[in-house]
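Here is a short briefing on one protein chain. Keep the sequence and the model open as you read.

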Amino acid sequence: MLEVLGLDERAEAAYLALVDSRSLTVAELAERTRTERFDLESALVRLEDGGLVARVPGRPARYTALPPEHAVEVLLLARERDIRRVRALAQRLGERHQRARGGRGSASLIEVISGAEGVARCGEQLFRRAEREIRGIDAPPYAAAGDGSRVNSVVNITGRQVRSRFIHGRDSLFLPGVVGRIERDVAGGEEVRVVPRAPMKLLLADDQAGLIPLVSTPEVLDTCVLVHPSSLLDALSVLFETLWQQAQPFVPGPTERDGPDAFLSEEERRIVSLLGLGLPDEAIARHLGIGHRTVQRRVQALLVRLGAASRFQAGVLAARRGWWTPDDPLGA
């Protein structure tokens with residue numbers, strides 16, 4: 001855990017042992033941490049130089065941990081200063097890199113990322129790079145690193161004040177597990193809307209970078225283009241915002257549970273929301289993990305309760321009764 005402060009495993013073990021004791025000799029520390037004396041002495045030197053421990057006067061030499069809340073804070077501040085200096089260096093090196101290639105010409109506005117592993121890692125970097133907002137159009141194929149880890153927005157922005165908005169094509173909702181994944185992302189704070197058909201796959205980090213496919217198959221996302229600030233990036237941002245305004249919210253609003261028309265179960269609420277997205281009974285049954293005939297019975301019962309003659313009318317009446325409250329996509 002303390003490796004972020006530059007401590008290796010031996011130094012961390014010695015420090016934690018001292019935190020739990022008033023003071024210890026090198027021999028006592030070696031016994032508690034099961035560390036060779038030579039390695040332990042070098043670890044104590046690093047801890048002492050870092051201001052985490054101090055030597056107690058007397059013989060044999062004893063060590064004690066300084067108050068962690070102050071000592072660790074000092075190291076964190078030093079590490080933050082180092083990070084700021086490295087970022088400033090990276091900026092200067094980037095400028096030198098551009099000058100060496102004739103400035104920020106058209107060739108420097110885009111960068112080709114090749115290979116499934118490279119595409120996945122580039123996507124992760126964009127998620128982590130975003131400071132205000134991550135936006136995207138979600139469509140297959142999906143990038144996955146060599147270790148099988150899936151590039152995911154919520155996973156990469158959890159704990160940060162970064163807004164996440166994603167658009168999905170309705171056809172992708174038919175894929176196994178997609179609705180469940182979207183629901184988990186929404187529960188994690190992501191905003192999701194649905195369009196009849198996603199025109200392309202897209203990832204935008206603030207207004208600083210964008211990632212779009214260059215070469216892909218239905219199964220593999222093999223090559224992408226990383227777009228830096230430019231008119232092309234501006235156009236991609238406009239495309240996303242236009243689709244966002246036209247798209248239908250994925251998650252229904254809060255349900256009314258008072259009165260005779262209240263939902264009997266969470267399952268009915270989900271059925272209505274999926275009906276509103278235009279999914280047929282077969283797809284609803286697959287996403288909810290229930291039988292096709294069960295869904296048909298539930299839908300028919302909802303039509304009767306609503307007095308609706310069609311599935312479309314059922315969605316309108318359900319929204320009117322407050323069973324779900326989709327936003328007005330046109331802002332009317």
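This is a predicted model: local features need pLDDT of at least 70, side-chain atom pairs count only at pLDDT 80 or more; totals for chains, interfaces and linings use all residues.

A polar contact is a pair of N or O atoms within 3.5 Å; within protein, one must be able to donate a hydrogen and the other to accept it, and residues adjacent in sequence count only if both atoms are side-chain atoms. Residues are numbered from 1 along each chain as its sequence is written, and side-chain values use heavy atoms, with hydrogens and water left out.

**Overall make-up**

- The protein has 12 helices and 11 strands. Helices (H or I, at least four residues) and strands (E, at least two) are DSSP runs, numbered from the N terminus.
- Of its 332 residues, 41% count as buried. Buried means under 20% relative accessible area, exposed over 50%, and partly exposed in between (1.4 Å probe, protein chains only).
- Among contacts in the protein with a separation of 6 or more, 67% link residues 24 or more positions apart. Contact means heavy atoms within 4.5 Å.

**Around T35**

- T35 is found in the loop between α2 (26–33) and α3 (37–49).
- With 13% relative accessibility, T35 counts as buried.
- R10 and T35 are 25 residues apart in sequence, yet their C-alpha atoms are 7.2 Å apart in space.
- Setting aside neighbours within four places in sequence, T35 is in contact with R10, A30 and L40.

**Nonpolar cores**

- A nonpolar core is a set of buried Ala, Val, Leu, Ile, Met, Phe, Trp, Tyr and Cys residues joined through side-chain atoms within 4.5 Å.
- The largest one has 26 residues. Those with the most contacts inside it are L173, F250, I271, L274, L277, L279 and I284.
- Two or more residues each come from α7 (178–187), β7 (191–195), α9 (266–276), α10 (281–288), α11 (292–306) and α12 (311–320). The largest share, 5 residues, comes from α11.
- I284 is in contact with I271, L274, L275, L279, V295 and R311, leaving aside neighbours within four places in sequence.
- Another core, of 19 residues, lies apart from the largest one. Among its members are A11, A43, L52 and Y63.

- The buried ones are E268, R269, R270, I271, V272, S273, L274 and L275.
- R270 is found in α9. A polar contact of 2.6 Å joins its side chain to that of E183.
- Beyond its neighbours within four places in sequence, R270 is in contact with V179, E183, H287 and L288.
- α9 and α11 pack at an angle of about 85°, with their axes 11 Å apart. Axes are lines fitted to C-alpha atoms, for helices over the stretch in contact, and angles run from 0 to 180 degrees between N-to-C directions.
- The two helices, α9 and α11, are therefore roughly perpendicular to each other. Angles under 35 degrees count as roughly parallel, over 145 as roughly antiparallel, 65 to 115 as roughly perpendicular and the rest as oblique.
- Where do α9 and α11 meet? E267, E268, I271, V272 and L275 in α9 meet R298, V299, L302 and R305 in α11.
- Just after α9, G278 takes a positive phi of about 90°.

**Strand β5**

- All 6 of the 6 residues of β5 (133–138) are buried, so this strand is largely enclosed by the rest of the structure.
- Both faces are covered: E133, R135 and I137 lie on one side, with I134, G136 and D138 on the other.
- β5 pairs with β6 (163–169) in the parallel sense over 6 bridges. Two strands pair if DSSP finds at least two bridges between them.
- β5 also pairs with β8 (202–205), in the antiparallel sense over 4 bridges.
- I137 has I167 as its bridge partner in β6 and L202 in β8.

**The β1-β3-β2 sheet**

- This open sheet of 3 strands has the order β1-β3-β2, with antiparallel pairing.
- β1 (24–25) and β2 (53–56) stand at the edges, each with a single partner strand, so one side of each is left without a neighbour in the sheet.
- β2 and β3 (62–65) pair over 4 bridges, and Y63 in β3 is the bridge partner of R55.
- α3 lies across β2 and β3, running at about 110° to β2.
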